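Reader: I am new to this structure and would like to learn how to read its features. Could you take me through a few of them?

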Amino acid sequence: MDDSFLFENLSQGAKRMAHRAMDDHGGRNYGEFALHAGVAVELLAKAVLVSKNPIYIAEIRNPDMPLYFGGDLQMDIKKVRTIGAKDAIARLRRLGVLQADADLDTLIEIRNGAAHASHSGDEARGMISPLARTIETLLNALGKDLDTFWGRWTDAVRAAVNVRQGEVHRDIRIRIAQALHAFDDRFERLPRELKERARSIEPHVVTAAFDYLVDINGKSFPSSIMTPGGPCPSCTAQTTLLFRMVDRNADHTQYAPDGITCHVCGLSLNGFDEMAALRDILGPSNEAYEQLRTDALSAFFGSDSDTI
């Protein structure tokens with residue numbers, strides 16, 4: 001049997017494809033993500049089957065395949081055929097290694113569409129959790145370390161399978177990691193001082209109002225405000241913050257953060273829900289951000305401005 005089908009080759013191939021999938025997802029290339037994620041699951045599933053018995057990955061419709069994988073028949077490698085992802089998953093379910101998982105089945109279907117029918121891949125955006133969950137189960141079956149397999153993506157995939165956190169929290173943790181890794185990759189072969197300089201350059205943003213004005217007791221207030229922000233939760237460069245009016249009456253006007261953008265690593269969060277989740281994720285380190293956003297609005301409206 002050719003060495004390319006041995007266990008280590010399959011598991012290392014799965015690792016490469018899984019990392020490429022995470023890079024693709026961070027770059028919003030969701031079709032490529034689905035393709036590489038599906039291949040990663042397929043290869044690692046085959047690695048688990050091979051660890052039990054190499055014959056388990058043989059394509060049974062060809063009578064020569066069990067003989068080849070059993071080591072009793074020599075064949076031209078170009079004629080060797082193995083099972084696909086669906087069959088590999090089905091066999092592992094029969095063996096009790098994997099359980100029924102509709103999300104995993106959807107990921108494989110999307111992968112097949114991306115690979116064979118030019119599927120757009122937009123549906124794949126939310127498929128990191130089933131990928132991470134399945135990889136973890138297969139690694140456990142192999143007795144392999146999760147950190148060794150995922151490397152720099154370990155924290156992100158742990159967040160992806162953390163059922164105690166809401167979907168928005170999981171998504172933001174993953175996007176923070178993706179932005180940081182994209183930033184690191186961009187400067188990987190360049191002098192360190194260039195990377196630090198990129199972090200230190202402030203965005204060309206001045207505190208400004210836009211959209212439309214709201215009249216309150218004869219005074220005009222902007223519906224939204226853009227202002228320089230605090231350090232990026234991903235790369236630490238200075239960000240741009242967006243505030244929107246959330247309440248208004250005769251006594252006070254309230255604004256809440258509605259978005260944050262980093263011009264260096266490309267991290268972008270939008271909406272009150274994502275910003276509220278970010279504040280929870282930052283925890284104690286959020287104090288500096290809170291003070292900065294308060295100072296920004298105070299500078300725009302005066303010290304008696306009201307924010308939430």
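Predicted model: local features only at pLDDT ≥ 70, side-chain atom pairs only at ≥ 80, totals over all residues.

Reader: Which side chains meet in a salt bridge at 2.9 Å, N to O?

Author: A salt bridge is a side-chain nitrogen of Lys or Arg within 4 Å of a carboxyl oxygen of Asp or Glu. Here the side chains of Glu 42 and Arg 111 make such a contact. Glu 42 belongs to helix H2 and Arg 111 to helix H5, so the pair ties together parts that are 69 residues apart in sequence.

Reader: Are Glu 42 and Arg 111 buried or exposed?

Author: Both are buried. Now look at Lys 195 and Asp 184, whose closest N and O atoms are 2.7 Å apart in a salt bridge. Buried means under 20% relative accessible area. Lys 195 counts as buried because its relative accessibility is 17%, whereas Asp 184, with 24%, is partly exposed.

Reader: How many salt bridges does the structure hold?

Author: There are 15. Some join up: Asp 23, Arg 152 and Asp 185 are linked in a network of salt bridges.

Reader: What is the volume of the largest pocket, and which residues lie nearest its centre?

Author: The volume is about 380 Å³. Of the 17 lining residues, Gly 126, Ser 129, Glu 167, Arg 170 and Asp 171 lie nearest the centre. Helix H9 gives the most to this lining, with six residues. By class, the lining has seven charged, six nonpolar and four polar residues.

Reader: Which residues make the nonpolar surface patch of about 240 Å²?

Author: Ile 55, Tyr 56 and Leu 95 make that patch. Tyr 56 sits in the loop between helix H2 and helix H3.

Note on methods. Residues numbered from 1 in each chain as written. Heavy atoms only, no water. Patch = residues over 30% accessible without salt bridge, like charges linked within 9 Å, V, L, I, M, F, W, Y side chains within 5 Å. Areas by Shrake-Rupley, 256 points an atom, 1.4 Å probe, with all protein chains shown as cover. Helix = DSSP H or I, 4+ residues; strand = E, 2+ residues; numbered from the N terminus. 1 Å grid on protein atoms, 1.4 Å probe; cavity = no way out; pocket = protein on both sides within 12 Å on 5 of 7 lines; lining within 4 Å. Points joined across faces, edges and corners; volume = space filled by probe spheres on them. Nonpolar A, V, L, I, M, F, W, Y, C, P; charged D, E, K, R; others polar. Buried < 20%, exposed > 50% of the residue type's maximum accessible area, 1.4 Å probe, protein only.
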